[in-house]
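Please look over the following model together with its sequence. The report below goes through a set of annotated positions, the surroundings of a ligand, and the way the chain is divided.

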Amino acid sequence: MGGKLFYNAAITTPLMGGAPAAGAAQGRVASWEKGALFVEGGLVAAVGGEAEVRAALAAKDAEIEEERDCEGAAMIPGFVDPHTHICFAARREKEFTMRLQGKTYLEILGAGGGILSSVNAVKAASEEELFETTRENVLSALNFGTTTMEVKSGYGLDTAEELKMLRVIARLGEETPLDIVPTFMGAHAVPAEYKGRADDFVDILVDEMLPAVKKQGIARYCDVFCETGVYTVPQSRRILEAARKLGMKLRIHADEVDDTQGAGLAAELRVASAEHLLAANEKNLKAMAAAGVIADVLPATAYSLRKPYADARRMIELGVPVALASDCNPGSCFCESMPFVFGLAVMNMNMTVEEALTGCTLNAAWAVGLQDKVGSLETGKQADFLLLDGDSPTILAYHAGVSPVMEVYKKGVYVA
Ligand SMILES: N=CN[C@@H](CCC(=O)O)C(=O)O
Ligand SMILES: [Zn+2]
């Protein structure tokens, strides 16, 4: 089998360890100023300094079918976005205006807007319409360099609509170049008809929805919005434990607006990742570090909600592995751009470029359980990579307000 050699590239990549990169390891990356990557059968067959890669290929008589001079461009792994609600039917621009005028996110949700207005839009859309709208947004993310993406349901909130969303999410994985990781989030809000009776809806979630989702066989993760006025810690625990019994992996929206001890629950249940964490307390962050729970931090959401950013620096000091995600959704954060997220992480959360790179790639891959396939440029992994309009990943923070992603490759093939 022959392959394609990408040479004269300034390659930077995190490297796999036995666990998500935490503490000092988050900032450790490998780089080759004059590097090369050899792709065979969609996988990385060799990577490193150009001279060494060429010598290794010659030594094993590898057939180089095609060569590409990258002209010194920076090459990094494709972005893995581990937290999105990108499957939605309608935008919520008016609500954004209300927030600009002083209404809070939870006030809008409490008054039947927010997530609940997205639920009405999904119900009104046909499956085909929902797919088409979502596909456009996903392809836009691909243009910004996202090659793997987690996508949550959670704008259905009844069994039929949640299963519809999950079918659409599965189809995205089949009909776009991206690897898609489906998450069931039937506990994204309390449906209007259960207002004041959240426990009754938790019964439905546990007794009806989760078994139906399990039977459908699409969702890999189950997620819950643990927050003031949404689901309490005991309700979230009940839902997540039921999902775990059915064989699903877990993640949780924790301490986004208020410290409701969601991060503590994340540690107790040893979920894959706890997400948001703007209001998480030190004790619970330490518990997360001890339990090996990844923090998915979402700086574009803090930006869009005009909130203080999650304390990623402190998380790294405490040994919590940090992943970065877009949280693309029509309400709290309409942003599918991982370069924007990267820039915010470096400029507003004081992460180093190397820490941010690990957060957007390898730690994010761990957060969605795909660390053996994606998230770093290493032999045997998928050749998912980006060429940037700059000579290092620093360009992602330095060139503000644009996307420096020039070319996107998935399994070695140019896709955007
Ligand atoms: N906070 C809960 N869920 C989403 C927002 C979803 C929406 O507002 O539609 C988030 O992660 O930010
Ligand atoms: Zn979310």
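His 83 touches Glu 150, Glu 275, Asp 296, Leu 298, Ala 325 and Asp 327, not counting residues up to four places away in sequence, where two residues are in contact if their C-beta atoms, placed from the backbone, lie within 7 Å. This is a predicted model, in which local features need pLDDT of at least 70 and side-chain atom pairs count only at pLDDT 80 or more, while totals for chains, interfaces and linings use all residues. Residues are numbered from 1 along each chain as its sequence is written, and chains are lettered from A and ligands numbered from 1 in the order in which they are written.

The place of His 83 in the chain is the loop between β6 (79-81) and α2 (93-100); helices (H or I, at least four residues) and strands (E, at least two) are DSSP runs, numbered from the N terminus. His 83 is buried because 30 other C-beta atoms lie within 10 Å, the rule being that a residue is buried if 20 or more other C-beta atoms lie within 10 Å of its own, exposed if 12 or fewer, and partly exposed in between, with C-beta atoms placed from the backbone.

One of the contacts of His 83 is Asp 327, which is found in the loop between β13 (322-324) and α13 (338-348). Asp 327 is also buried, with 31 other C-beta atoms within 10 Å. Apart from neighbours within four places in sequence, Asp 327 is in contact with His 83, Thr 84, Leu 298, Ala 300, Thr 301, Ser 332 and Cys 333.

Tyr 155 lies in the loop between β7 and α6 (159-175), and, leaving out neighbours within four places in sequence, Tyr 155 is in contact with Phe 88, Ile 115, Ser 118, Val 119, Val 122 and Met 165.

Thr 147, in strand β7 (residues 146-152), is in contact with Gly 78, Phe 79, Leu 178, Asp 384, Val 408 and Lys 410, leaving aside neighbours within four places in sequence.

| Residue | Other C-beta atoms within 10 Å | Class |
|---|---|---|
| Thr 147 | 28 | buried |
| Tyr 155 | 31 | buried |
| His 188 | 26 | buried |

Around ligand 1 there are 14 residues, and the closest are Ile 115, Phe 225, Asn 329, Gly 331 and Ser 332; a residue is near a molecule if its C-beta atom, placed from the backbone, lies within 6 Å of it. By class, this shell has 4 nonpolar, 8 polar and 2 charged residues, where Ala, Val, Leu, Ile, Met, Phe, Trp, Tyr, Cys and Pro count as nonpolar, Asp, Glu, Lys and Arg as charged, and the others, Gly among them, as polar.

On the scale of the whole protein, the division is into domain 1 (3-77 + 373-414) and domain 2 (79-368), with bounds that come from an automatic or database domain assignment. The contact between them takes 27 residues from domain 1 and 33 residues from domain 2. On the side of domain 1 that touches domain 2, β5 (74-77), α16 (395-398) and β15 (405-410) each supply at least two residues, and β15 gives the most, with 3 residues. That side has 17 nonpolar, 8 polar and 2 charged residues.

The largest nonpolar core has 146 residues, and those with the most contacts inside it are Leu 37 and Met 75; a nonpolar core is a set of buried Ala, Val, Leu, Ile, Met, Phe, Trp, Tyr and Cys residues joined through C-beta atoms within 7 Å. This core draws at least three residues from each of domain 1 and domain 2.
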